Amino acid sequence: AEGLTNIEESELNAIKQFNPNSPRVIELERKKFGNLTPSNPYKTFKEFANAIIGNGELNKLYEHLPASFRTGRDETAYLQQLMIDQFGRRPRKAGVNNPETMGLVRVVYPAIENAQMPNAISGIFNELKWTENDWRDFLKISLDYFFRENRHINIPIDTKRFRTQVFINSDVYPADSNQRKKFHSLRLKQNDTVRNPNRLIVLLLFAMGIKREEEITEIQETYINQILDATWNFLRNNNIINSNVEEERGYKLDLLGNNVAYQIVDKAWLCPVNQVPLDTIFRGYSPLLTSRISSNLEKYKITEPLVDYPFFPYAYHHNINDEPVSNEIILEWIDTNMENVRQLGLWSNMHERILMNNPVYLSAEHTAQQSKDELRRIEEKFEKNELNILSCSTTMEMGVDISGISEVVMNNVPPKPANYLQR
């Protein structure tokens, strides 16, 4: 093959059979096809699941669940719920440990990557001097900040028992429906105030240069509604949102289907108000602006250049030649390459732990609330290093001897010296 020696071609074919996602495979394929820049493909949930099901760390988490949660081998349903927990809704604020707000992963909708502008709104966009890229940006923002924001997403019934939080999802209906939950349209009161303000409409108004409600004209109201109608029709006609026709229900976004994918972030804008990285903005404005139009929203205008996230070459503690690398090498790479990201406040010790690929730590509760059999089982797993941390009451103070404990952290001062010695 062009670009590879016979030995390298044989190596590529051999590694792909047992580890197609190996960094060495990526490197050899880039060399083979003459592409020396790091590749960054997006992956659907199915592709992601095929690569991770059977992973030791995922199995460890799954096996740690109470037996009542597990019926047979349900790692796929468990992984589905983990994905929904992380991507079911895009948080707005910094400080939330989420793959998107941490600048790690972006949600991609393949059908809109090369979407062409519908004829129904091409004249509007031409008049406003908006581009086809603006159309794609608005489509993505609609999915991220309307469908996901309001949890109009499909959740498989098999994942219900794995949910870690109350998660109410719902259908959404066209703007002309008589249902309560429906897609947006702009309606003005007689005194020229917006009856139904929301983020998408405010974003369109600001992009048009409108900073006050009384500035909205009838033609601009028509333009916005035509853009919103075109958005709904595109998402529906391209099956990005789906309806259960048999039950005559509304529409939902399927985060686990083939029309949604996930990609490592390589560039992002910084929201000047919420201080979170954004993979998509609209006409220079952050999509995190509030849903009430006012001149104060000008502070959401992006003024700083794109932030670059360098390609990390040591995934899973291996370099591009599939050779193991030490923690020291990874830390040195972080210090050299992530200084700008750190200075912007977009880097924390959580990011470092992720790149270091630290092992999963499992914990359990050792208190009198547990049965004797359960306490005995927990102690055996802790002794065998199958549990890393025990959160204990005084049940562990007397009569329980476990060797190899690294640290004992006390929540309060022991009542007597004897208690302190025993602990």
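1. You'll find T280 in the loop between β7 (277-278) and β8 (307-308); strands here are DSSP E runs of at least two residues, helices are H or I runs of at least four, and both are numbered from the N terminus.

2. A word on the basis: this is a predicted model, where local features need pLDDT of at least 70, side-chain atom pairs count only at pLDDT 80 or more, and totals for chains, interfaces and linings use all residues. Residues are numbered from 1 along each chain as its sequence is written, and side-chain values use heavy atoms, with hydrogens and water left out.

3. Who surrounds T280? Setting aside residues up to four places away in sequence, T280 touches R106, D137, K140, I141, W269 and P287 (contact means heavy atoms within 4.5 Å).

4. W269 also turns up in β6 (residues 267-270), on the uncovered face with K267, while A268 and L270 make up the covered face. Across the strands, W269 stands opposite L278 in β7, and A268 stands opposite V307 in β8. β6 and β7 form a hairpin with six residues between them, and Q275 in the turn has a positive phi of about 60°.

5. I141, another T280 contact, sits in α8 (132-147) and also takes part in helix packing: F138, I141, S142, Y145 and F146 in α8 meet R199, L200, L203 and L204 in α9. That set divides into seven nonpolar residues, one polar and one charged (Ala, Val, Leu, Ile, Met, Phe, Trp, Tyr, Cys and Pro count as nonpolar, Asp, Glu, Lys and Arg as charged, the others, Gly among them, as polar).

6. Now the inside. The largest nonpolar core has 74 residues, and W135 and F147 have the most contacts within it; such a core is a set of buried Ala, Val, Leu, Ile, Met, Phe, Trp, Tyr and Cys residues joined through side-chain atoms within 4.5 Å. Among the elements giving two or more residues to this core are α8, α9 and α10 (218-237). Beyond its neighbours within four places in sequence, F147 is in contact with residues including V172, F183 and W232.

7. Finally, D158 lies in the loop between α8 and α9 (199-207). Is D158 buried or partly exposed? It is partly exposed, because its relative accessibility is 47%.

Terms used
Buried < 20%, exposed > 50% of the residue type's maximum accessible area, 1.4 Å probe, protein only. Pairing = 2+ DSSP bridges.
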